[in-house]
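Please read the following notes with the coordinates open beside them. They are set out as numbered points, each meant to be checked on its own.

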Amino acid sequence: MMKIRIASVVLAASLFAVPVAAAEYPEIVSGSVERIVDGDGLYLVGYDHQVRLWGIDAPERGDKGYSEAGAHLGSLTDGYEVQCNQKDVDQYRRLVGQCFLPDGTDLGVEMISSGHAIEYCSFSGGFYGTCN
């Protein structure tokens, strides 16, 4: 009887959960950078959701290298329009995108090659070539 009650509660809760559908977000967002969140997150002018750079992981607040990673991403994007191609939408409702400068430079490649981020292999599938 207890298993049935737990299953009923889980089922009822799932009916009220709001799924995050990638289709609700644009396939491509572009614009100048309004604000750098950290080494793998930013906001674009005119777009309300945070953009999370796909395939990389930069230090989080409180971790060594956090400030430097954010500053480096800021220096890469300063004065440029950025185009981000949607790869996913994460549980925090951030658009996860592979982002490029106007000359085609992939921001993920730049953050990894500079040592300010690592490849997030479980999401990138080894795209950047640093996974074992």
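1. Arg52 is buried, its relative accessible area being 10%, where buried stands for under 20% relative accessible area, exposed for over 50%, and partly exposed for what lies in between, with a 1.4 Å probe and protein chains only. This is a predicted model, in which local features need pLDDT of at least 70 and side-chain atom pairs count only at pLDDT 80 or more, while totals for chains, interfaces and linings use all residues. Residues are numbered from 1 along each chain as its sequence is written, and side-chain values use heavy atoms, with hydrogens and water left out.

2. Arg52 takes part in a salt bridge with Asp40, with 3.6 Å between the closest N and O atoms; the term requires a side-chain nitrogen of Lys or Arg within 4 Å of a carboxyl oxygen of Asp or Glu. The pair joins distant parts of the chain, twelve residues apart, since Asp40 sits in the loop between strand 1 (28-38) and strand 2, and Arg52 in strand 3; strands (E, at least two residues) and helices (H or I, at least four) are DSSP runs numbered from the N terminus. Asp40 also counts as buried, at 2% relative accessibility.

3. Arg52 meets Asp57 in a further salt bridge (3.8 Å, N to O), and Asp57, at 27% relative accessibility, counts as partly exposed.

4. The structure holds four salt bridges, one of which is formed by Arg94 and Asp90, whose closest N and O atoms are 2.6 Å apart. Asp90 is buried, with a relative accessible area of 13%.

5. Which members of the largest nonpolar core touch the most other members? Of its 25 residues, they are Leu44, Val51 and Leu107, the core being a set of buried Ala, Val, Leu, Ile, Met, Phe, Trp, Tyr and Cys residues joined through side-chain atoms within 4.5 Å. At least two core residues come from each of several elements, among them strand 2 (41-44), strand 3 (51-53) and helix 2 (66-77).

6. As to confidence, the protein averages a pLDDT of 88, and 85% of the residues score at least 70, pLDDT being the predictor's confidence in each residue, from 0 to 100. Over residues 1-18, however, the pLDDT is below 50, and beyond near neighbours in sequence this stretch has one contact in the model, a contact meaning heavy atoms within 4.5 Å. Where pLDDT is low, the predicted coordinates should not be read in detail.
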